[in-house]
Amino acid sequence: MTNLLQAIFNGMLTGGVYAVVSVGLSLVFGIVDVVNFAQPEFLMMGMFVAYFMVLMSGLDPILLSPLVFLVVFVFGAIVQKVLIERVLNAPLVAQIFLTVAVAMVMTSAAQLLFGADFRSSPTFYTTIAVHVGPFQFSLPQILAFVVSGSMAAILWAFMEWTDVGRAIRATAQNRTAAVLVGVNPYRMYVLAFAIGTGLAGAAGAVILPYSYVFPTIGHDWGLIMFTVVVLGGLGSVPGALVAGLVIGVIQSLTSVYLPTQLQNLVVFIVFLLTLAYRPAGLLGR
Amino acid sequence: MYARLNSHPFKIVRWALLALLLILPPLIFENRGYYLRISPLVLMFAGLGGAWNIIGGFANQVSLGHAAFFGAGAYTSTLLFKFTGISPWVGMMAAGGVAGILSLVIAVPTFRLRGHYFALGTIAFAEILRVLFLYFKGITEGPVGLCVPFVGHSIWVFQFHGNVGYYLTALALLCLTFFVAYRVKMGRLGYQLRALSSSHEAAEVVGVDTYRAKLWASILSSVLTGAWGTFYAQYLCFIDPDTVFGFWTFSVKIAMVVILGGLGTIWGPLVGALILIPLDEWTNVVFTGNLAAVSRLIYGGLLIGLILWQPRGLLYWLSQVVERRRQNEIRMASTKMEASHE
């Protein structure tokens, strides 16, 4: 019983990070109507940016995460403005393969710049565990969960209560109507894409204390992100948050009961089943 | 669109040129040389692209999981050969069969999906197979991969001396693939697929059974892809799950060949493969060691450039150029005629 509960708690901790990484992808799909296959690479980029900022400043990666968000935000805005914007009306294949190509370029550029080595950026709390009753938790994961949660809360508040957030939501709901009331949809697309990718980047900084950085780390995250987003309903921000936790718990439970090699198998099956039977997602209409 | 290119004398010349071009490599390149080493791969990717096009191009159901059928085909014939000694030629048919059955399995969860959702579903399917083949080490050897047992250079077991035999096999399989694609495109199924590619609902209204049409397209596409899997296994004599079921190694590359050449065209995949595969091989040779990533950087950069410039592929661009020329000629001819009337 303790093992089971421990696994569930651990899953929720990792799930919180999954949620924040994926919420950006969902946001981009909901507003720009493009599935960004390069989203995992923005996470990788965030990790590298954070890694080098830590090297230069000696500060903690979590403290630096707002700065990392800004850097990736700007880069994401450029990608949307220069590349994605041109294929918004192109055939689906062109949209899919443009983001796939962006992913390819980002991964290989990282390989060229930083080599294929695994790097890590341990902090003083990397190995600390917190004991609560019979359970124990790793401190960096708790921190990552808390910070991810606050990022999600800030995103929610921004979308809900600011004019810009309302304008973004309006564009997603009805583009023509949004244009009529004076919203420039292209600007909103750029903003949404930049926020979405920036969040993935910031999440990269948050998980840096306990995970390795390497150019192809995006490949490990890609399917998790897509599963979370699909389970939550493509385009649904609260859905992605709930689904992140669910996937984290599922993954953690399967690793208790099944061999580790099959850990992702269950995730993929959940993914396919959701697509088939609840394509609108958990919280879908 | 191709009116001029299809005029009769031009047509014969075109076919003769093409036949010459395709039969040329084994005649001019050395049997064990480098060029004849990549030529069959070019044909293979052209064939894979042609097969992908049936569902991805004609029906616009963008599959990012064709590695599933490819890998299943490669493993089917290789395992049959290894454990029972059944000739890979028979194995190739079995491979097509297994891939065809798999396409029925994947149809259940994915055929209701449109657009992005379909693409995502196909990725997950290929990944599931990859994980399973990695896990069941007892049969598949897992990540270590499988070597196709070497029996000797014999046509009966699909093992040739040098590359000419493989080249000719690939050429034959390519002809078959393109023939199937051509028949689909020009036939009833092709019209149904084109109808549903722009709108499922509209197609249903005019009486197209969209599920059935997609199912047939998917079966044909995956059977051919599975057969190519066998070819790959025999040609390289080695397969492993991360490669043959890989997202980047096959799923993406197969579709890329088509996008580069021309989506929904018969010859587009050949054009795409003729550019992409030699480029790939060249960059792999030139940029080694620390610079290995340059090859993918070029690859990705090229793809971005192409999609921004011609999202419908090179053949579409070519046909537009030809069409514009023809329009100009007609306009000039008619002005001449008007002038002579006066």
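Begin by selecting helix α13 (residues 268-286) of chain B together with α14(B): the two pack with their axes 8 Å apart, at an angle of about 150°. At that angle α13(B) is roughly antiparallel to α14(B), because angles over 145 degrees are counted so. The crossing of α13(B) and α14(B) is right-handed. Please keep in mind throughout that this is a predicted model.

Next, display the side chains where these two helices meet. From α13(B), show B:Asp280, B:Thr283 and B:Asn284; they meet B:Val294, B:Ser295, B:Ile298 and B:Tyr299 of α14(B). By class, this contact has three nonpolar, three polar and one charged residues.

Remain on α14(B) and select B:Leu306, which is found in this helix.

Now bring both chains into view. In all, 37 residues of chain B are in contact with 37 residues of chain A. On the chain B side, the elements that give two or more residues are α4 (88-110), α5 (115-135), α12 (247-261) and α14 (292-309). Of these, α5(B) gives the most, with 13 residues. The residues on this side of chain B divide into 25 nonpolar, eight polar and four charged.

Cross to chain A and select helix α11 (residues 263-277). This helix has 15 residues and reaches 22 Å from its first C-alpha to its last, close to the 21 Å expected at 1.5 Å a residue. Colour its buried residues: A:Asn264, A:Val267, A:Phe268, A:Val270, A:Phe271, A:Leu272, A:Thr274 and A:Leu275. Which elements do the buried residues of α11(A) pack against? They pack against α9 (217-232) and α10 (237-257) of chain A, together with α4 and α5 of chain B.

Finally, follow α9(A) to helix α2 (residues 39-57) of chain A: these two helices pack at an angle of about 135°, with their axes 8 Å apart. That angle makes α2(A) oblique to α9(A), and their crossing is right-handed. Show A:Gln39, A:Pro40, A:Glu41, A:Leu43, A:Met44 and A:Met47 in α2(A), which meet A:Ile217, A:Gly218, A:Trp221, A:Gly222 and A:Met225 in α9(A). The residues of this contact divide into seven nonpolar, three polar and one charged.

Terms used: Residues are numbered from 1 along each chain as its sequence is written. Chains are lettered from A and ligands numbered from 1 in the order in which they are written. This is a predicted model: local features need pLDDT of at least 70, side-chain atom pairs count only at pLDDT 80 or more; totals for chains, interfaces and linings use all residues. Two residues are in contact if their C-beta atoms, placed from the backbone, lie within 7 Å. Helices (H or I, at least four residues) and strands (E, at least two) are DSSP runs, numbered from the N terminus. Ala, Val, Leu, Ile, Met, Phe, Trp, Tyr, Cys and Pro count as nonpolar, Asp, Glu, Lys and Arg as charged, and the others, Gly among them, as polar. Axes are lines fitted to C-alpha atoms, for helices over the stretch in contact, and angles run from 0 to 180 degrees between N-to-C directions. Angles under 35 degrees count as roughly parallel, over 145 as roughly antiparallel, 65 to 115 as roughly perpendicular and the rest as oblique. A crossing is left-handed if the near helix is turned anticlockwise from the far one by less than a right angle, and right-handed if clockwise. The expected span of a helix is 1.5 Å times one less than its number of residues. A residue is buried if 20 or more other C-beta atoms lie within 10 Å of its own, exposed if 12 or fewer, and partly exposed in between; C-beta atoms are placed from the backbone.
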